[in-house]
Amino acid sequence: MSTHAAPQGTAPFRTESGGRIDRDRVVEFRFGGETLTAHPGDTVASALLAHGRHQTGTSIKLGRPRGIGAAWAEDPGGLLQVEEPFPEPMLLATTVEVFDGLSVEGIPGQGRLAEVADTARYDSLHHHVDVLVVGAGPAGLQAALTAARSGARVALVDEQSEAGGSLLGTKDLLDGAPGVEWVARATAELAEHPDVVHLQRTTAFGVYDDGFVLAVERRTDHLGGQAPENVSRQRVHRIRAGHVVVATGAHERPVVFTDNDRPGTMLAGAARTFLHRYGVLPGSRAVVFTTNDSAYAAAVDLADAGVEVAAVVDVREQAPAEWAAELAARNVPVRTGAVVTGTRGVERVSAALVAPHGGEPNAGATAEVECDLLLVSGGWNPAVHLFSQARGRLRFDAGLGAFMPAEDLQGLTVVGAARGEFTLEGALLQARQETRSALERMGLEAAATDDLPVAARPFPTLAPELLWFVPDPSGDSSRQFVDVQRDATVADVERAVGAGLRSPEHVKRYTTIGTAHDQGKTSGIVATGILSQLLGRGPEAVGTTTFRPPYTSVAFATLAGRDRGELFDPVRTTVVHDWHVLHGAVFEDVGQWKRPRYYPLAGEDMETAVLRECAAVRSGVGILDGSTLGKIDVQGPDAGEFLDRLYTNLMSSLKVGKVRYGVMCGADGMVLDDGTVLRVAEDRFLVMTTTGGAAKVLDWMEEWLQTEWPELRVHLASVTEQWAAFPVVGPRSRDVVAEVFGIDASAEAFEFMAWRDVEFEGVPVRLARISFSGELAWEVHVSGWYAAAVWERLVAAGERFGITPYGTETMHVLRAEKGYPIIGQDTDGTVTPQDLGMSWVVSKKKPDFIGKRSFARAENQRPDRKQLVALLPVDRDTVLPEGSQVVDFQADGQLPPPPVPMLGHVTSSYRSAFLERPFALALLKGGSARHGETLHVPVGDRLVAVEVTGPVVVDPEGARRDG
Amino acid sequence: MQLIECPWCGPREEIEFHYGGQAHVAYPQDPSALDDREWAEYLFFRDNTKGLFRERWSHAAGCRRWFNAERDTVTYQFTTVYAPQEKGPVDR
């Protein structure tokens with residue numbers, strides 16, 4: 001142990017002072033069942049390292065020890081399962097903040113979903129800003145300051161618990177003082193601006209079109225049990241920005257060598273972050289392996305903190321002079337032109353194997369350097385993820401050995417290390433300059449006063465050397481880990497190339513490199529580098545895999561937000577809904593509507609209830625809540641002409657006070673919707689549509705009106721919700737409406753397909769004689785305000801006739817008995833009115849209407865088109881399953897050899913109380929000419945014989961209509 | 001989430017809009033004068049342009065009005081929007 005590390009309680013690797021943790025407070029958390037101490041400000045990773053723990057779990061395929069390899073979201077190694085307070089899989093030790101009561105386990109590459117419901121609340125918030133800055137490191141803070149000082153509306157988001165970015169993990173000075181002091185001043189200044197939203201613990205995870213960025217804020221995760229219940233746990237910020245400034249920094253990348261997966265192996269910059277931000281020494285004796293200057297700072301800082309730095313191994317032939325002098329002053333040996341070829345150790349690295357770079361495999365030249373910490377730096381990758389998501393092109397910069405933004409995007413600028421600008425001074429200058437340019441393009445004037453903090457001059461830089469992997473001296477590449485989380489090695493890449501794969505996209509999927517929780521933040525570019533070396537092509541020719549949202553994983557619960565359970569989709573209920581509930585209705589969903597399906601009495605199942613309801617309607621009287629039917633108010637001097645063009649039949653000739661059934665077709669002649677039309681006045685019609693077709697029909701009408709017939713003086717409005725509609729149906733329905741509305745409802749006084757205004761206790765009611773069952777029937781239309789009272793009065797008046805409320809199932813049976821199709825059930829977009837046996841509804845007089853020309857197409861004249869028929873099972877017992885196929889026997893009474901020709905299919909099928917047998921509607925090839933034939937329907941392993949008839953099986957002569 | 005410029009409401013999010021296919025495919029003056037092939041071409045045939053394409057949109061969850069737009073089918077960028085009865089930018 002070094003003299004500087006304070007053996008403080010049970011955390012022997014905690015420094016004496018420094019870091020951003022609250023040393024006055026101690027929290028306890030559990031790791032693998034063991035209780036450990038930590039300080040507020042710690043992550044699980046920093047707390048574990050403070051206790052000398054590097055290993056978190058084991059690997060997914062090989063079961064090798066896995067540990068902490070980085071200090072933030074790019075860590076490929078340290079995965080956890082959170083057990084308490086709420087189970088969550090696959091979180092990183094480096095990003096989970098500790099709190100009292102946290103309990104976590106290391107996991108072998110795979111977590112476990114919670115088995116209990118997540119009761120936390122999630123929500124979302126919209127922002128509209130001039131400038132969104134992603135990342136609150138030095139470049140991002142400066143960009144936000146420049147924008148805010150210019151009076152722009154600004155959002156600044158940063159994924160860590162506090163602002164500062166790289167300044168939190170280095171000793172960089174600004175204005176001659178530690179950089180974090182400038183960070184504090186900058187955030188305080190931003191807080192002064194009323195139009196600045198500054199969010200920490202907020203990850204911008206997706207960039208979409210037109211400046212739209214999604215960010216997830218972890219609002220209470222770090223509070224554990226202290227989280228207030230009224231605050232959402234996580235929030236999705238939906239940010240629409242005039243301009244996006246990406247200041248996301250850079251990720252250090254490793255060099256691959258044999259046994260590079262042993263815990264204790266870590267990125268060099270991460271060790272600096274653990275030291276400076278968390279006050280933790282990640283080891284006691286370190287070897288630093290680098291291809292560039294940046295790791296020298298880690299070596300110096302660790303040495304100053306008391307870590308024994310056994311060696312700096314630099315692949316380059318020459319060490320940077322100034323840094324070498326710093327190390328010499330600390331007695332740290334530098335070995336240039338050397339590489340780490342492997343490690344020793346079991347659950348923790350115990351030695352690094354150091355050999356000359358590019359030398360012949362020679363055991364004698366390999367030195368075994370003891371260490372418990374092996375720091376690696378293979379260079380830095382600008383975090384171009386968001387830029388790439390915005391479809392920015394990348395280029396490979398040979399000098400930096402990294403992929404960088406290759407172009408300026410409209411509406412999105414990359415600054416700082418994310419753009420390859422690695423000096424503090426350069427990053428600040430660039431952030432101000434680029435933000436000013438963006439403001440100017442948006443027409444905002446840049447602030448006159450916008451000073452930059454003064455950064456200390458860095459040492460001159462010696463060019464990095466590009467090194468992706470160190471070949472194993474023995475040639476065995478099967479323990480050279482490219483993706484330690486996936487246990488994918490250089491051998492796997494070699495195998496992929498051997499299998500003929502050339503694209504990094506294919507190699508990714510073949511090897512699984514880059515498919516783990518980190519999505520290849522450190523392994524992806526290394527895989528490209530190794531692939532390029534194996535293929536003998538430059539990395540620029542090989543390219544990268546595609547960067548897609550989300551940048552880091554986001555829980556589905558967070559994305560769902562408040563749109564769960566009852567709030568997932570609106571529920572529409574009619575004004576009589578409570579009555580239906582009170583009377584035991586079983587509901588079915590029709591679009592968003594809740595409709596009573598049937599009203600079972602005690603002990604009834606659906607079949608018995610529906611048979612009872614059907615019998616009641618055909619023998620007495622029933623009442624249905626038809627309020628969900630679509631209703632469109634069509635007004636204007638040209639309303640009649642308009643409907644003539646849309647319906648297949650003539651509507652303009654309809655007299656005020658009359659009702660007409662109509663069918664609407666697409667231009668292709670196929671049935672779109674049907675329903676009744678009431679002429680309310682000379683210039684006003686009420687169009688009734690199917691429940692499911694209401695919105696579609698209104699859209700259809702608007703489309704023709706606006707795009708083809710703007711000259712027609714017609715206006716449309718949906719009045720579905722305004723009018724309740726109650727069919728009162730059956731031979732005794734006349735008695736009910738006559739009593740309730742005090743009218744002469746005789747067949748002579750009130751004709752079929754007529755309507756009239758009546759009153760109920762001073763409330764205007766529209767009463768129409770319309771039948772969807774073939775029975776004497778009435779439709780009661782009344783304003784929703786009074787509808788419940790009218791319904792109850794109708795039910796009361798019908799009581800002496802045994803009035804029976806019935807649901808959609810009975811309605812379907814009754815209409816099917818009459819051969820009335822349900823559009824969308826008995827039709828499927830390939831069915832004409834003629835196919836439905838409704839040639840009578842197609843006008844021969846009108847010169848044109850939508851669909852007319854298509855009826856004359858040869859295809860629509862074919863006699864073998866599928867036509868609507870009814871099927872009566874000969875056994876009088878089988879209810880044919882809807883969707884069943886219809887087949888025919890050969891002359892010899894046998895099925896034809898397979899494939900057996902399909903003649904059609906069953907579209908509706910029910911048991912008929914009236915016929916005392918089941919029946920079905922079907923679309924059958926040449927069906928109109930097949931009435932009387934016997935065909936077969938396979939049901940399970942039986943062939944059920946069916947008789948083909950016309951589609952009307954009850955009262956084909958229409959005798960029941962007048963009661 | 002793209003922003004689409006409704007000529008009447010201004011820029012709105014794309015989920016508020018419905019796509020209406022190729023623009024300037026007028027309903028034939030006299031459908032009965034067309035043979036089956038000509039009528040089928042009106043019904044079923046549309047251009048599949050790579051690049052600038054004039055198409056119909058409706059601001060379905062907004063003002064419910066139809067308009068025409070010219071859009072690049074490669075970049076999805078809208079170049080202009082205009083009223084249904086106006087001519088396209090190239091025809092002006």
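These are legends for several close-up views of a predicted model.

**View 1. A three-stranded open sheet in chain A.**
Here we look at an open sheet whose 3 strands come in the order 21-22-23 in chain A, with antiparallel pairing. Strand 21 (338-345) and strand 23 (367-370) of chain A sit at the edges, each pairing on one side only. On average, neighbouring strands of this sheet are turned by 30° against each other, direction ignored. Strands of a sheet pair through backbone hydrogen bonds, either parallel or antiparallel. Between strand 21 and strand 22 (residues 349-356) of chain A there are 7 bridges, and the two strands run antiparallel. For one place to look, find A:Gly342: its bridge partner in strand 22 of chain A is A:Leu353.

**View 2. Helix 9 of chain A and what covers it.**
Helix 9 covers residues 490-498 of chain A, and its buried residues are A:Val490, A:Ala491, A:Asp492, A:Val493, A:Ala496 and A:Val497. What lies over those buried residues? The cover includes strand 29 (481-483), strand 30 (488-489), helix 10 (504-511) and helix 11 (523-535) of chain A. After helix 9 comes A:Gly500, with a positive phi near 95°.

**View 3. A:Glu505 and a run of threonines.**
Helix 10 of chain A, part of the cover in the previous view, is where A:Glu505 lies. Leaving out residues up to four places away in sequence, A:Glu505 touches A:Thr544, A:Thr545 and A:Thr546. With A:Thr546 there is also a side-chain to side-chain polar contact of 2.5 Å.

A:Glu779 belongs to strand 42 (residues 777-783) of chain A. The residue is buried yet makes no salt bridge, and A:Lys631, the nearest side chain of opposite charge, is 8.1 Å away. What does link up with the side chain of A:Glu779 in a polar contact of 2.8 Å? That would be the side chain of A:His781. Beyond four places in sequence, A:Glu779 touches A:Leu629, A:Met688, A:Phe726, A:Pro727, A:Arg766, A:Leu767, A:Ala768 and A:Ile770.

A:Val782 counts as buried because its relative accessibility is 0%. Setting aside residues within four places in sequence, its contacts include A:Gln722, A:Trp723, A:Ala724, A:Phe726 and A:Val763. Also in contact with A:Val782 are A:Pro764, A:Val765, A:Ala787 and A:Val790.

**View 4. The salt bridge between A:Arg479 and A:Asp259.**
The structure holds 70 salt bridges over all chains. One of them joins the side chains of A:Arg479 and A:Asp259, at 2.7 Å from N to O. A:Arg479 is in the loop between helix 8 (424-441) and strand 29 of chain A, and A:Asp259 is in the loop between strand 16 (250-252) and strand 17 (265-267) of chain A, so the pair ties together parts 220 residues apart in sequence. A:Asp259 is buried, at a relative accessible area of 6%, while A:Arg479 counts as partly exposed at 32% relative accessibility.

A:Arg316 and A:Asp314 meet through their side chains in a salt bridge (3.0 Å, N to O), and both residues are buried. Another salt bridge pairs A:Arg800 with A:Glu739, with the closest N and O atoms 2.8 Å apart. A:Arg800 lies in the loop between helix 19 (784-798) and strand 43 (804-805) of chain A and A:Glu739 in helix 18 (residues 733-741) of chain A, so this pair ties together parts 61 residues apart in sequence. A:Arg800 counts as exposed at 62% relative accessibility, and A:Glu739 as partly exposed at 36%. Elsewhere, salt bridges that share partners join A:Arg64, A:Arg66, A:Asp259, A:Asp261, A:Arg262, A:Asp476, A:Arg479 and A:Asp487 into one network.

Chain B has 1 helix and 6 strands, running β-β-β-α-β-β-β from the N terminus on. Of its 92 residues, 41% count as buried. B:Ala60 is in the loop between strand 4 (52-58) and strand 5 (66-72) of chain B, and counts as partly exposed at 23% relative accessibility. Not counting residues up to four places away in sequence, B:Ala60 touches B:Glu16, B:Phe17 and B:His18.

Key: Residues are numbered from 1 along each chain as its sequence is written. Chains are lettered from A and ligands numbered from 1 in the order in which they are written. This is a predicted model: local features need pLDDT of at least 70, side-chain atom pairs count only at pLDDT 80 or more; totals for chains, interfaces and linings use all residues. Side-chain values use heavy atoms; hydrogens and water are left out. Two strands pair if DSSP finds at least two bridges between them. Helices (H or I, at least four residues) and strands (E, at least two) are DSSP runs, numbered from the N terminus. Axes are lines fitted to C-alpha atoms, for helices over the stretch in contact, and angles run from 0 to 180 degrees between N-to-C directions. Buried means under 20% relative accessible area, exposed over 50%, partly exposed in between (1.4 Å probe, protein chains only). Contact means heavy atoms within 4.5 Å. Lys and Arg count as positive and Asp and Glu as negative; His and the chain ends are not counted. A salt bridge is a side-chain nitrogen of Lys or Arg within 4 Å of a carboxyl oxygen of Asp or Glu. A polar contact is a pair of N or O atoms within 3.5 Å; within protein, one must be able to donate a hydrogen and the other to accept it, and residues adjacent in sequence count only if both atoms are side-chain atoms.
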